[in-house]
Amino acid sequence: MAKITYYTHDNKTQTIDVQNGLTVMEGAIQNDIPGIDADCGGGMACATCHVYVKEEWLDKLPAKEDGEEDMLDMAFEPKSNSRLSCQLIVSDELDGLEVNIPSKQG
Amino acid sequence: MNKTDVLIIGAGPTGLFCAHQLGIIGLSCEIVDNLDKAGGQCIELYPDKPIYDIPAVPECTGEELTNNLLKQIKPFNVKFHLNERVEQLKKNESRWHIKTSGGVVFDVAAIVIAGGVGSFEPRKFPVKECEKFEGSSLLYSIKDKSIFKDKTISIFGGGDSALDWAIELSNTSKVNLIHRRDGFSGAEASVQKVNELNKQGKLNLYTKYQMDTVLGDKNIESVKIKHDEGEIKEIKSDYVLGFFGLIMQLGPILDWGLNIDKKTVQVNTENFETNVNGIFAIGDICSYPGKLKLILSGFHEGALAARGCFKYAKPEEKLRFEFTTTSKAAQERLGIKK
């Protein structure tokens with residue numbers, strides 16, 4: 001279990017206990033947090049679960065797999081702290097993670 | 001006016017198999033899709049990626065699955081309307097009239113929405129000023145490349161479309177290629193070619209830059225690009241091209257009076273009909289308790305929806321359950337000669 005904090009575009013903050021093994025994307029979808037579309041359902045094929053990770057977390061996250069950076073090219077306003085939330089699998093190590101959800105996904 | 005029993009919206013695997021099921025029970029159908037080819041997400045998102053969970057098919061790619069489904073519905077001569085998006089829906093006594101973006105009109109007894117996560121549309125620049133030039137000097141696809149001759153073109157993106165067009169247009173135009181990072185997702189050979197052209201001065205490559213804004217009055221005159229570290233460059237441009245892939249939008253279906261929840265259409269699980277009589281929804285676009293977004297679920301949903309359509313298409317007849325293995329009628333429809 002890890003506490004994940006989602007900052008949505010309308011300046012709302014929601015901190016959710018997400019079970020280990022789920023992704024940061026699933027944590028958002030299951031709790032009706034707006035702004036993450038996840039059109040392809042977690043297949044790293046659409047870039048609509050794009051989030052900005054709080055800088056201090058960047059090095060603590062699992063490295064990007066082949067293809068994630070390619071998909072981020074397609075994301076809405078990608079930045080250096082962009083990740084696809086479907087690729088962030090929750091574990092105890094991610095307890096306290098904070099992500100910002102972009103104003104839109106496409 | 002195209003008169004047929006059922007209109008299927010979406011030529012993905014679910015829509016294609018539903019066409020098969022309609023054909024088996026003796027109903028006619030036509031299929032509309034916004035893309036230029038059949039296959040839906042299988043073709044657009046993962047044509048070369050393997051799928052391992054189609055029953056009795058241990059492994060196949062999105063493209064193989066699509067081709068096999070097309071082969072399976074071949075006996076029914078289903079008419080496809082590609083590059084068309086459904087727009088208007090009107091009830092006409094017991095039938096539905098549907099009009100597409102290209103002005104094609106259908107007169108049908110029932111509609112099956114197999115639209116996946118919506119129709120694919122090009123992903124656009126996040127910069128607001130771009131809207132003003134969209135369709136004239138700012139484009140997301142190329143129909144006539146001759147307009148670019150001897151002009152200055154700024155191309156944004158790092159995938160195959162961006163690279164291929166940059167290479168192609170560099171023959172006749174002055175090309176700037178702008179991408180947000182040093183790496184590209186396009187084919188390695190194209191990346192090498194672009195680097196070569198850049199070295200030879202036949203193309204200007206700007207990496208770690210993204211669009212800042214576009215400037216111009218009626219047409220674009222220049223584009224400002226911003227480096228990761230904040231530096232801004234202004235480059236002269238007659239045209240701006242953006243290639244950021246496709247995004248899925250539900251589109252006009254949202255206004256059809258269907259019960260919609262989080263971009264999906266609610267259906268019953270008896271025949272996958274929506275809250276509107278005669279309109280069915282199957283595949284990724286439908287939702288019900290226990291819904292799994294798997295291709296195999298879409299096949300099941302399509303089989304039931306096809307039978308649900310029967311009473312609207314042939315109200316006087318009764319549908320009898322038959323197996324293709326033994327049904328003479330079904331085999332005739334499949335064109336099987338014995």
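Helices and strands here are DSSP runs, numbered from the N terminus; a helix needs at least four residues and a strand at least two. The model is predicted.

**Stop 1**

Select chain A and colour by secondary structure. There are 2 helices and 5 strands. Follow the chain from the N terminus and the elements come in the order β-β-α-β-α-β-β. Along the principal axes, the C-alpha atoms fill a box of roughly 30 × 30 × 25 Å. Now turn to contacts between residues at least 6 apart in sequence: in chain A, 67% of them join residues at least 24 apart.

**Stop 2: Met44(A)**

Zoom to Met44(A). Where does Met44(A) lie? Look in the loop between helix H1 (24-30) and strand S3 (50-53) of chain A. Check the backbone torsion: phi is near 55° for Met44(A), a positive value in a residue other than glycine. Most residues other than glycine have a negative phi. Is Met44(A) buried or exposed? Met44(A) counts as buried, because 20 C-beta neighbours lie inside 10 Å.

**Stop 3: where the chains touch**

Show both chains and select the contact between them. Chain B gives 17 residues and chain A gives 15 residues. Colour the chain B side by residue class. That side divides into 7 nonpolar, 6 polar and 4 charged residues.

**Stop 4**

Chain B has 7 helices and 22 strands. Its C-alpha atoms fill a box of roughly 70 × 45 × 40 Å, again taken along the principal axes. Of the 338 residues of chain B, 41% count as buried. Among contacts with a separation of 6 or more, 60% are between residues 24 or more positions apart.

**Stop 5: H1(B) against H6(B)**

Select residues 13-24 and 295-313 of chain B, which are helices H1 and H6. Their axes come within 8 Å and cross at roughly 40°. That angle makes H1(B) oblique to H6(B). The crossing is right-handed. Show side chains on the H1(B) face: Pro13(B), Thr14(B), Phe17(B), Cys18(B), Gln21(B) and Leu22(B). Among the H6(B) residues they meet are Gly298(B), Phe299(B), Gly302(B), Ala306(B) and Cys309(B). By class, this contact has 10 nonpolar, 4 polar and 1 charged residues.

**Stop 6: H4(B) against H5(B)**

Move to residues 160-169 and 188-199 of chain B, helices H4 and H5. Here the axes are 10 Å apart, and the helices pack at an angle of about 40°. H4(B) is therefore oblique to H5(B). What is the handedness of the crossing of H4(B) and H5(B)? It is left-handed. From H4(B), pick Asp160(B), Leu163(B), Asp164(B), Ala166(B) and Ile167(B). They meet Ser190(B), Val191(B), Lys193(B), Val194(B) and Leu197(B) in H5(B). The residues of this contact divide into 6 nonpolar, 1 polar and 3 charged.

**Stop 7: Asn77(B)**

Finish at Asn77(B), in the loop between helix H3 (62-72) and strand S5 (79-81) of chain B. Phi of Asn77(B) is near 45°, a positive value in a residue other than glycine. Count the C-beta neighbours inside 10 Å: there are 9, so Asn77(B) counts as exposed.

Methods:
Residues are numbered from 1 along each chain as its sequence is written. Chains are lettered from A and ligands numbered from 1 in the order in which they are written. This is a predicted model: local features need pLDDT of at least 70, side-chain atom pairs count only at pLDDT 80 or more; totals for chains, interfaces and linings use all residues. Axes are lines fitted to C-alpha atoms, for helices over the stretch in contact, and angles run from 0 to 180 degrees between N-to-C directions. Angles under 35 degrees count as roughly parallel, over 145 as roughly antiparallel, 65 to 115 as roughly perpendicular and the rest as oblique. A crossing is left-handed if the near helix is turned anticlockwise from the far one by less than a right angle, and right-handed if clockwise. Two residues are in contact if their C-beta atoms, placed from the backbone, lie within 7 Å. Ala, Val, Leu, Ile, Met, Phe, Trp, Tyr, Cys and Pro count as nonpolar, Asp, Glu, Lys and Arg as charged, and the others, Gly among them, as polar. A residue is buried if 20 or more other C-beta atoms lie within 10 Å of its own, exposed if 12 or fewer, and partly exposed in between; C-beta atoms are placed from the backbone.
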